[in-house]
Amino acid sequence: MNCTTYPLNSLGTYKYVVILSCYQGKLLLSRHKKRDTWETQGGHIEPGETPFEAAERELYEEAGAKVYHLMPLCDYWAGEESTKEDGNGMLFTAVIHELAPLPESEVAEVKTFCQLPDNLTYPAITPTLFAQIANRR
């Protein structure tokens, strides 16, 4: 799996959103009910949604975020060239100020981390996306 980042709004069409979330000064990651690994909040953009609207929806569905500041960061492409499975996405950052209980969804739990854990769902993508925050400091 490969992942490449681009300046914001350069890809034009988007299939996914990913949100790099911070809560109480730590990374906030989610664990899917069917997996033992950790991942960022995000997912498919639904028909009729803008990337920003999709990011807001995913942030609530997968983290229970109630009060937050959400900001687009950059575009990305992730995929496997050999299988032609890929998609363009928009990357966001979120500083979450208040969490509500998780809504009924595919997410089992959320947890804060001081750094990215070793057991990531997307180990070839997540570190590349988080590097964008460090590159902007």
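Glu-46 is partly exposed, with 39% relative accessible area (partly exposed lies between buried, under 20%, and exposed, over 50%, using a 1.4 Å probe and protein chains only). The structure is a predicted model, in which local features need pLDDT of at least 70 and side-chain atom pairs count only at pLDDT 80 or more, while totals for chains, interfaces and linings use all residues. Residues are numbered from 1 along each chain as its sequence is written, and side-chain values use heavy atoms, with hydrogens and water left out.

Glu-46 takes part in a salt bridge with Arg-57, the closest N and O atoms being 4.0 Å apart (a salt bridge is a side-chain nitrogen of Lys or Arg within 4 Å of a carboxyl oxygen of Asp or Glu). Arg-57 sits in helix α1 (residues 51–63) and Glu-46 in the loop between β4 (41–44) and α1, so this pair ties together parts 11 residues apart in sequence. Helices (H or I, at least four residues) and strands (E, at least two) are DSSP runs, numbered from the N terminus.

Arg-57 also pairs with Glu-61, the closest N and O atoms here being 3.3 Å apart. Both residues belong to helix α1, four residues apart, or about one turn of the helix. Glu-61 is partly exposed at 26% relative accessible area. Together with Glu-49 and Glu-58, the residues Glu-46, Arg-57 and Glu-61 are linked in a network of salt bridges.

The search of the whole structure finds eight salt bridges. Among them, Arg-31 bridges to Glu-109, with the closest N and O atoms 2.8 Å apart. Because Arg-31 lies in strand β3 (residues 26–32) and Glu-109 in strand β7 (residues 107–113), the pair ties together parts that are 78 residues apart in sequence. Arg-31 counts as buried, at 18% relative accessibility, whereas Glu-109 is partly exposed at 32%.
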